[in-house]
Amino acid sequence: MHFEGTVDIEAPRDRVWAFLMDPEQVGRCGPGVESIEIVDETHFRARAKVGIGFISARFLMEMELAEQYPPDRAVMKAHGQAPGSAVDASAEMRLSDCANGVTRMDWEADVSIAGTIASVGARLIQGTANKMIAKTFDCIRAKLEA
Amino acid sequence: MTAETEADVLTAETQVSAGPVGQSLKRREDPRFITGEGNYLDDIKLAGMSHLAILRSPYAHARITSIDTSGAKAMPGVLAVIVGADIPYNPLPMAWPAGGSSGVQNNVNTPRVLATDDVKWTGEGVAAVVAETPEQAADALEAIQVDWEPLPAVVDAEKATKEGAPQLHENAPNNVVFVWKVGDESGTAAAIDSAEVVVRQRLVNQRLIPNPLEVRGDIGWYNPGTDEYTIWMSSQTPHIQRLLLGAFVTGIPEHKIRCISPDVGGAFGTKIFCYADMALVMFASKLVGGRPVKWVETRRESYQSTIHGRDHISYLEIAGSRDGTIAGLRVKTYANLGGRLSTIGPGIPTTLYGRVLAGCYKFPNVFCEVTGVYTNTTFVDAYRGAGRPEATYVVERAMDLFADEIGMDPAEIRRRNFLPPDSFPYDNPSGLGTAVNGEKIYIDSGNYEPALDKALAMAGYADMASTKAEARTRGKLLGVGLSSYIEVCGVAPSKWIGAVGEGWGAAMWESANIRIHLTGKIILTIGTQPQGQGHETTFSQIVAQELGVPVEDVIVQHSDTKGAPFGYGSYGSRTASVGGSAAIKAAGKVREKARRYAAHMLEASPDDIEVDGATYSVRGSPDKKKTLQEISFAIGLGFSLPEGMEPYLDETAYYDTPNCTWPFGTHVAIVEIDDETGVVDLVRYIAVDDVGNKINPMIVDGQLHGGIAQGVGQALWEGAVYDDNGQLLSGTMMDYALPRASWLPMFELDETVTPSPVNPLGAKGVGEAGAIASTAAVANAVIDALSPLGIRHLDMPYTAQTVWRAMSQAKGGQA
Amino acid sequence: MTEHVSLTVNGIGREVDVEPRRLLVQLLREELDLTGTHVGCDTSQCGACTVTMDGRAVKSCTVLAVQADGANVTTIEGVAKAGAMHPLQSAFWEKHGLQCGFCTPGMIMAAMDLLDRVSDPSDEEIRHAIEGNICRCTGYHNIVLAIREAARTLRTGETASAGGVS
């Protein structure tokens with residue numbers, strides 16, 4: 001599944017970058033995230049509960065900041081497992097300056113989902129994912145614009 | 001029934017001599033089912049029973065780099081956690097290679113009881129938990145940590161054979177299991193090259209999930225005291241499973257294994273096979289010290305761990321002349337067999353498909369090439385009809401496509417090409433007649449035109465133009481579709497199987513044992529295994545008929561390898577013709593011994609004893625007689641026995657059929673398609689079937705109804721859908737559309753009766769006929785309805801979306 | 001952690017302590033040994049687990065056991081009265097409305113609800129009423145005939161002319 005979008009945040013680019021590169025900060029914005037564990041500078045783990053339709057699963061996500069070009073571009077890879085399900089994702093974001101102190105983030109992500117969540121929630125995944133992404137960015141924006 | 005006035009004076013014997021065979025007796029199974037007293041696998045509770053759950057792969061293709069079970073072992077209620085490396089058993093057997101023993105290369109990979117190194121489809125089992133309760137077992141699965149290395153997957157059989165496709169198995173280059181050919185390749189090529197008209201079409205026969213309403217399950221019990229295993233299994237073939245589990249999988253001696261199949265809540269082929277879970281519950285029970293271990297799959301699990309059906313991509317070419325004479329049929333098929341092979345997976349798209357591809361037609365040239373293919377999907381094996389619905393779909397679509405091309409009526413082109421009634425026994429060119437060591441299978445009998453005529457008359461075929469015009473005024477496109485089918489069933493002559501190495505690679509005879517107790521009450525024990533077909537009723541009818549006793553005096557036992565003679569089970573529409581004939585043969589043995597004993601009792605020569613129903617009398621002295629009950633009492637006591645005769649009436653017979661049987665018929669489907677929405681409504685369904693003599697016509701009709709509904713389901717709604725990564729998107733009953741009551745009409749059935757010459761009943765088999773015929777009938781009806789728009793073919797299922805899109809494109813609109 | 005549930009099942013008062021996540025179907029099958037109520041799916045699609053609760057058909061896999069507190073539940077085992085089959089049971093037998101029998105209890109309970117509300121249902125109403133009950137064996141043909149026949153029996157009090165006896 002491919003997702004992409006653009007988000008405008010009323011905050012300077014350096015601050016946006018710093019926020020996004022801080023797992024503790026950005027991690028808290030993920031819907032259903034229950035805990036964050038920092039492994040090293042570029043690796044961290046997150047536990048998150050995800051519900052699709054009538055099923056829900058607790059995922060253990062291994063995240064890696066695969067590429068960083070501050071304060072322009074970053075690539076993150078994630079692999080997560082839940083009983084009977086797995087998710088693999090690769091996301092790229094690019095920051096640029098807009099007028100009036102607004103930072104623009106263009107992002108895209110490729111996600112593949114396997115197991116129970118895929119077979120049971122197939123019809124609902126796209127919608128659920130869109131909702132979760134929107135929630136995440138709403139949270140990031142709210143925190144940065146606060 | 002006999003007239004009432006006569007009935008008063010008739011004795012029981014003369015009433016039954018009119019014969020229970022052929023009567024629509026109510027089923028004796030039903031009282032337990034309609035009062036909730038059935039005993040299905042999940043209803044069984046044993047003392048000390050524990051529960052097993054299986055962790056299944058979320059990936060369609062991956063290497064297992066490590067499995068950590070320590071967390072699960074510490075969970076409440078957990079008795080054991082099992083991974084593949086713990087289990088010393090062999091991989092599951094594959095019992096029917098493509099081409100049998102003819103030398104076709106089969107690149108075989110079968111599942112292990114639990115996967116050890118890698119997984120080949122989403123849902124392959126990798127670990128198991130045994131716990132006190134099912135909930136605890138399921139909870140503990142969540143604590144098992146598996147490290148995976150995902151690999152690229154492929155789900156489409158045709159794409160899997162192409163350059164650059166992900167490779168599943170080292171011993172199967174380009175994912176090819178086998179390439180199997182049948183028929184006359186050069187003759188067919190010549191016929192096609194020189195033909196006046198050639199029609200070509202790519203056809204997809206989509207993957208189906210069979211969906212018996214009861215899922216599968218097993219209970220394994222190891223008895224440490226006797227070192228014996230008992231496995232309760234929801235199975236069509238308990239005797240075969242004992243053989244396969246013992247000799248091929250576990251190495252445990254066959255006589256130390258007992259398999260019991262309780263009431264089976266539908267099967268449709270899915271419960272023929274040897275599954276990993278059967279061996280797993282055996283292993284698990286011994287591991288936990290001999291406590292019984294129960295495993296019942298969930299429906300979601302079933303969709304990935306129980307076999308699927310069909311899944312062919314075919315390229316057909318049909319050639320002939322403008323007068324409607326077909327000169328040749330050539331078909332190239334990619335058959336998707338899944339990530340590893342199920343028990344008889346390769347046999348289904350080869351012998352049961354390619355060899356009957358010519359259907360009921362006299363095609364001088366037929367050639368078929370089938371490529372069996374591995375993909376990252378659940379294994380594919382026999383689902384109701386098993387190869388024959390796929391063959392019927394190809395040939396019946398081909399007939400309509402050819403008729404359309406030359407502007408001929410579909411009924412007329414069929415009539416023109418039918419095998420005439422004097423053709424039988426017929427050695428068909430697509431190969432069932434292929435001689436190996438002189439053993440051949442012929443099409444035994446047939447008379448196809450009367451069934452076609454009857455079906456056309458019932459459908460009002462002659463007036464179809466006005467029916468279509470009337471529908472048009474209501475905004476409906478009406479279509480009519482024909483399907484004239486034959487099927488090969490009543491499998492199968494053992495000597496043929498032995499000669500060509502087909503089938504189970506073993507014999508396919510069937511067994512029956514009759515014991516008559518001192519009171520004259522009769523127990524028939526059979527080797528076949530019901531799954532809803534009513535064997536307890538029909539077999540008691542057969543034995544009551546043969547021995548001249550009331551049906552109430554016969555009870556039918558089955559389903560337990562302890563006490564039942566070995567039998568090959570129920571599939572391939574074989575039970576009535578092969579198993580029923582075994583019962584007749586056993587009854588004949590009983591009758592003969594009873595006759596000899598009656599002679600002893602009546603002090604006459606055995607040659608002078610006449611048998612009329614249950615009465616054994618001396619020729620010329622009708623007053624000197626004994627009933628079967630009197631005979632069974634006396635011979636059972638054995639106080640007085642003639643020299644050399646053993647006491648008791650207890651006879652076992654093994655019946656080996658000399659040939660398969662060949663039901664046929666014509667089905668007509670009438671559909672209306674909404675011009676605006678594309679919704680397809682099956683408005684009428686007419687079926688004229690010739691299944692030979694019927695033991696219980698009510699049960700025969702029921703079998704046809706159910707088969708028709710399943711075939712209609714394929715045409716209109718059902719289809720398993722995988723994404724490109726091998727994730728099963730139609731993973732629940734919410735996403736896989738099974739036929740519902742309001743989607744189907746009443747079925748209009750009639751018959752012709754051409755008794756099979758190959759068995760004493762004259763019966764052919766009916767379990768699969770409906771499913772074999774109906775998919776093609778509905779498909780042809782839908783295409784007929786859409787033909788005014790210039791549409792000549794669409795792949796199934798014909799959901800509203802598919803049809804609407806095709807209509808929009810045909811009308812030149814956007815879709 | 002359990003909760004106490006009192007309910008009437010097939011006319012008998014039952015007191016059971018159940019886990020809050022326990023479903024009514026599990027209570028019936030596992031605690032009360034009423035295994036005539038079947039489980040055919042895990043998404044409330046198949047209807048094999050249909051029972052009546054206070055007279056209305058419900059899929060017992062969608063009802064928590066605790067929700068049945070105080071309710072009057074009838075399962076297939078409670079349908080025959082004093083050893084005599086209910087007209088629906090007789091009609092399913094008479095008309096060959098079942099093959100493997102797995103959907104049958106749920107099908108009969110769903111039909112019971114219909115015939116309670118509608119004394120002379122059309123085929124369309126019958127098919128609509130059992131829309132939530134999947135039968136994979138019969139193609140529904142004989143089930144419709146059976147329910148039609150049971151409705152007639154219940155209306156007129158006459159049973160069908162006896163067919164064969166087995």
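What percentage of the 146 residues of chain A count as buried? Of these residues, 42% are buried, a term that stands for under 20% relative accessible area, with exposed meaning over 50% and partly exposed the range in between (1.4 Å probe, protein chains only).

## Basis of the model

This is a predicted model, in which local features need pLDDT of at least 70 and side-chain atom pairs count only at pLDDT 80 or more, while totals for chains, interfaces and linings use all residues. Residues are numbered from 1 along each chain as its sequence is written, chains are lettered from A and ligands numbered from 1 in the order in which they are written, and side-chain values use heavy atoms, leaving out hydrogens and water.

## Chain A

Chain A holds three helices and seven strands, where helices (H or I, at least four residues) and strands (E, at least two) are DSSP runs numbered from the N terminus. Read from the N terminus, the order of its elements is β-α-α-β-β-β-β-β-β-α. The radius of gyration of chain A is 15 Å, which agrees with the value near 15 Å for a compact globule of 146 residues; the radius is taken over C-alpha atoms, and the globule rule is 2.2 Å times the number of residues to the power 0.38. Along the principal axes, the C-alpha trace of chain A spans about 45 × 30 × 25 Å.

In chain A, 51% of the contacts between residues at least 6 apart in sequence join residues at least 24 apart, a contact being heavy atoms within 4.5 Å. The chain exposes about 7,300 Å², of which carbon and sulfur atoms supply 50%; such areas come from the Shrake-Rupley method with a 1.4 Å probe, and for residues only the protein chains shown count as cover.

## Chain B

Chain B contains 21 helices and 26 strands. Its radius of gyration of 28 Å is close to the 28 Å that the globule rule gives for 815 residues, so chain B is as compact as a globular protein of that length. The C-alpha atoms of chain B fill a box of roughly 90 × 75 × 55 Å along the principal axes, and buried residues make up 65% of the 815 residues.

Among the contacts in chain B with a separation of 6 or more, 80% involve residues 24 or more positions apart. The accessible surface of chain B is about 26,500 Å², and 51% of it belongs to carbon and sulfur atoms.

## Aromatic pairs

Over all chains there are 21 aromatic pairs, counted when the ring centres of Phe, Tyr and Trp (its six-membered ring) lie within 6.5 Å, with planes under 30 degrees apart called stacked, over 60 edge-to-face and the rest tilted. The rings of F33(B) and Y40(B) are stacked, because their centres lie 5.9 Å apart and their planes stand at 25 degrees. F33(B) is buried at 7% relative accessibility, and Y40(B) is buried at 1%.

Y40(B) also forms an edge-to-face pair with F102(C), with 5.0 Å from centre to centre and 85 degrees between the planes. Because Y40(B) lies in the loop between α3 (30–34) and β1 (50–56) of chain B, and F102(C) in the loop between α2 (87–94) and α3 (104–117) of chain C, this pair joins two chains. F102(C) counts as buried at 5% relative accessibility. Elsewhere, Y361(B), F363(B), F418(B), F424(B), Y448(B) and F664(B) form one aromatic cluster.
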